[in-house]
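Take a look at the model below. Then read on for a short tour of how it is put together.

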Amino acid sequence: MTRLSVLRHACRGLRVPPSQPTRSGAPVFGSAKRCPSLGLAGNRAMFRCASTTPTSASSMVNKYSKEQEGAEIGYEKCVSDVLERTRESLVALQRDDPALHPVLAIIQSGEDDGLLEVNRKMAGKIGLNVAQICLTKDCTEDEIVDELSKLNEDPRVRGVYLHLAPALLTGRVISTLAPEKDVDGVADLNMGRLVRGDPSEGFVPAEAMAVMGVLESHGVSSEGQTVVLVGGDGAVKVALRCLIERRGVVTLNGHKSSESLQKQVKKADAVVLLGAGPSEVPPTWLKPGAAVIRCDSALTSDDHDAERTSQNGLAHLTAAYRMQNVVLGSCRWLQEQQYQDWRLRLLKLQPLNPVPSDIQISRAQTPKSVQQLAQEIGLLPGELEPYGRNKAKVRLSLLQRLQAQPDGNLVLVAGITPTPLGEGKSTVTIGLVQALSAHLKLNSFACLRQPSQGPTFGVKGGAAGGGYAQVIPMEEFNLHLTGDIHAITAANNLVAAAIDARMLHEATQSDKALYNRLVPSVNGVRKFSPIQISRLRRLGLSTTEPASLTAEEVRSFVRLDLDPSKLTWQRVVDTNDRFLRKITVGQASTEKGHSRETGFDIAVASEIMAILALADGLGDMRVRLARMVVGTSRSGQPITAEDLGVSGALAVLMKDAIKPTLMQTLEGTPVFVHAGPFANIAHGNSSVLADKLALKLVGRDGFVVTEAGFGADIGMEKFFSIKCPRLGLRPSAVVLVATVRALKMHGGGSQFFCVQVSAGSPLPREYIDENLSLVTGGCHSNLRKQIEIAHLFGVPVVVALNVFKTDTAAEIALVCRLALEGGARAAVPCHHWALGGRGSVELARAVKEASAAPSRFQFLYETEMPIVEKIRTIAQKVYGADDIALSPQAEAEIQTYSRQGYRSLPICMAKTHLSLSHMPDKKGAPTGFTLPIRTVRASIGAGFIYPLVGTMSTMPGLPTRPCFYDIDLDPVTEEITGCSEHAQTRGRQYRCQDPQTERTISHYYEPSSPSGKPSSISVTSSVGYLRTAVCMCVCL
């Protein structure tokens, strides 16, 4: 039996409709508990626990004949049955979750303990806790709302009862009360469910259930009988009328001033006197054997009057039903915490031919609200932080809630070595999940990286996919999203500011002055901050008393002694700005001549981005931020962000960025967008947390499709070697994306490309016309090699051939045949760009079949291997190199990192993505080369060593005609124009570099067909000179 079934079984006894006879005979377990201090009291509120002050009941049953005396016995049995049933259910719930200790919170005006005593007695017999919030008699609506808001957010409180004067039960107060905690059923949602005839998900007022219990014990529950409801005009009366009439009993509405009241009472089998009506009915009016039930909300303090003591039944029965509702609410809450089956409402696609622009397709589809999407995939309202209508952050508490839920299947989308002609990994990723969910009816999640604003306004446009396989709304996806990259920028630059400020202060102050400012005396008290204590511990000092440090210890504490020539930290900005690659800071007179050369990176190149992508929680991110190495001291010691005292502030800046962003595809399937590290200088994958959350949400048989940057030799290798150990998971399959045109380039077509074309000239015919020879060459070289790389990790490969309009049937069949011969488990042509998920159904089936095979996943190398051997393993087994060549600098750096204890970190190679080798112009599968390692650096916070092969640029520049020429805003509709639309209107632009001349050229692809694939190229010379000897093609 699943845990959800256990919980449903535990609640089954509580789901008896109030109009049905109650059960009895259940055994009694447990003991009463006193309520803990919940800290619920406000400025004018008083928190009250169980009181010993005696009280009378809030209602009574009046006896008018000997025949009616049996009702008293019926009341006792009703209370006993309700308590036994409720206690039995609570014990079953606590057996499943021992931490469950539900609390009923009572908000009342005034300090009368009477109501608390009645509820405390009933709660004690069950094992519940009762908390009392006493507001003053003249409390305001705002004070009540404030207390309710606190109780709504408190997970320990599972029920709230409002014992307030009618004047204080305003619409605002009642609407503030969370319906799932409204155990007296006064909220509009609960009352609406009852009136509609579907109270199964809500609460029925406890007093109404108590009255029904008394009526049933008196035999008034059969069709044709009559009940008169006298007075009253609130929720209890409405609920009673619904419950009574649902049993077929006739209800009459009686009024004290009505001349017909006596006639109504004489025909009635029972009379219910509600609070606002007459207090008594003359016995001569009553039909023989009729019951009179008096409901009075007023409490009295005289509990010794024998007559009234015998009339306390309804009050105790009401309290018993209130406790039942608390336990029922707890049961529902526990059920909500369990994994929920998806109820995904798909969005219909109607693909057009010719295919419109990406922006037109995106705007033609109306996305679901993100709250609706979240509910459909089993997210709770409290786990969602909406950013407008279409996107929301998802809280990491989801991992704790679903920790026992089995993970789904993890599928990685990678590609062959990138070419300027494009492969379309993002589009394949989105098309695949649309096919899995919309057409195969399998739970699936896409996990994508957040695009950088630099390429968006520079050379690429957007990264939301394309055609009928997109994330929507594409403008929100491509611009700002939820501000994660801005948070990274702020955090990164705070570190940079801290570095320069610390160097200035150390250079201009004595040890004593530094110490007095770093550890100031506040109100005569001087103490270290927690982050300073951490530095003391790293220095080997155990003291926490500032006055106890010696002069030498003070000096070592206050002086980081950073070497300006060995600083590794740069400022960042999320804009392509070539003139920030090298700058001089500190030129103002206030910096007292302490200037130095530095530079800017693009924001996504920051180590903080890599940390965001690899952290598995807020605590882990805090630790990683603390251990980031920003430079080296003059004595050769690494200096960290923790040494600077800034790591706590960085965690604060990043606390929201660590939560993945939920969006959706064109067909309404869910997408996580989170993190965006470069794949050539970092690991190039979306976040560990996005994958973990998605794997829990899709369920055991679901699929999470995550994308790796660039080719399989870069993004896929780093996914397996760096990200998988953090995930602790074994991937089920790899989808290797290829195109006929890219394969032609790798098969020898590169001689017809790049520098050989002239401005405005069409693409060489080899790329448009059928050329089986070039296709064969590309399949036998690059495609086969990338399949072999995946097999190094023991993962099955499915080749996804992204079909263009100009591809011939013979070329498509040839690629699929050669892919199978090269070791792929399946090879499938895909048409998602033009057809959406329907165009990738065969791919989805192939992925499902491949994922069902037993996993043989293995790592490429042991992490304890020497750093040099790990680099050599990647170079030889993945890239196909004969060996590596370390520069003297690289050798010295490897020795330093090994000595500092970083030997076991994985390797993150930083090299060109345009070739398996270090030479961008070498296509296919080069052999016979030695891989040169120029230098080796360490991202200690992210947790990897990255050798640099050649010179890597971390700040792109703008081309002659950037994308921002086409981006604008309609001031009336606020619609964005031109964002990513350039791919259809003016052609997609790429930048690469002639390795001989080092001149940058830009390629503009002009679409010639509904498939949107290029037929000609315009080439524009660069306006500047790139320092790098490799291609900086950020569009991939």
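## Ground rules

This is a predicted model: local features need pLDDT of at least 70, side-chain atom pairs count only at pLDDT 80 or more, and totals for chains, interfaces and linings use all residues. Residues are numbered from 1 along each chain as its sequence is written, and side-chain values use heavy atoms, with hydrogens and water left out.

## The whole protein

The protein has 36 helices and 38 strands. Helices (H or I, at least four residues) and strands (E, at least two) are DSSP runs, numbered from the N terminus. Of its 1036 residues, 59% are buried. Buried means under 20% relative accessible area, with a 1.4 Å probe and protein chains only.

Contact means heavy atoms within 4.5 Å. Take the contacts between residues at least 6 apart in sequence: 75% of them join residues at least 24 apart.

## Two cores

A nonpolar core is a set of buried Ala, Val, Leu, Ile, Met, Phe, Trp, Tyr and Cys residues joined through side-chain atoms within 4.5 Å. The largest one has 147 residues. Those with the most contacts inside it include Phe445, Leu662 and Phe720. Helix H18 (residues 484-508) gives the most to this core, with nine residues. A second, separate core has 57 residues, among them Cys78, Leu100, Leu116 and Val326.

## Two helix pairs

Two packed helices are described by the angle between their axes and the distance between the axes. Axes are lines fitted to C-alpha atoms, for helices over the stretch in contact, and angles run from 0 to 180 degrees between N-to-C directions.

Helix H3 (residues 114-126) and helix H11 (residues 313-337) have axes that come within 9 Å and cross at roughly 50 degrees. That makes H3 oblique to H11. Among the residues in contact are Val118 and Met122 of H3 and Ala319 and Met323 of H11.

Helix H15 (residues 425-439) packs on helix H33 (residues 841-851) at about 80 degrees, with the axes 8 Å apart. H15 is therefore roughly perpendicular to H33. The contact includes Leu432 and Leu436 of H15 and Leu843 and Val847 of H33.

## A buried lysine

Lys425 lies in helix H15. Is Lys425 buried or exposed? Lys425 is buried, with a relative accessible area of 9%. Beyond its neighbours within four places in sequence, Lys425 contacts residues including Val413, Glu707 and Phe710. Lys425 and Phe710 are 285 residues apart in sequence, but 8.7 Å apart in space, C-alpha to C-alpha.

Terms used
Angles under 35 degrees count as roughly parallel, over 145 as roughly antiparallel, 65 to 115 as roughly perpendicular and the rest as oblique. Buried means under 20% relative accessible area, exposed over 50%, partly exposed in between (1.4 Å probe, protein chains only).
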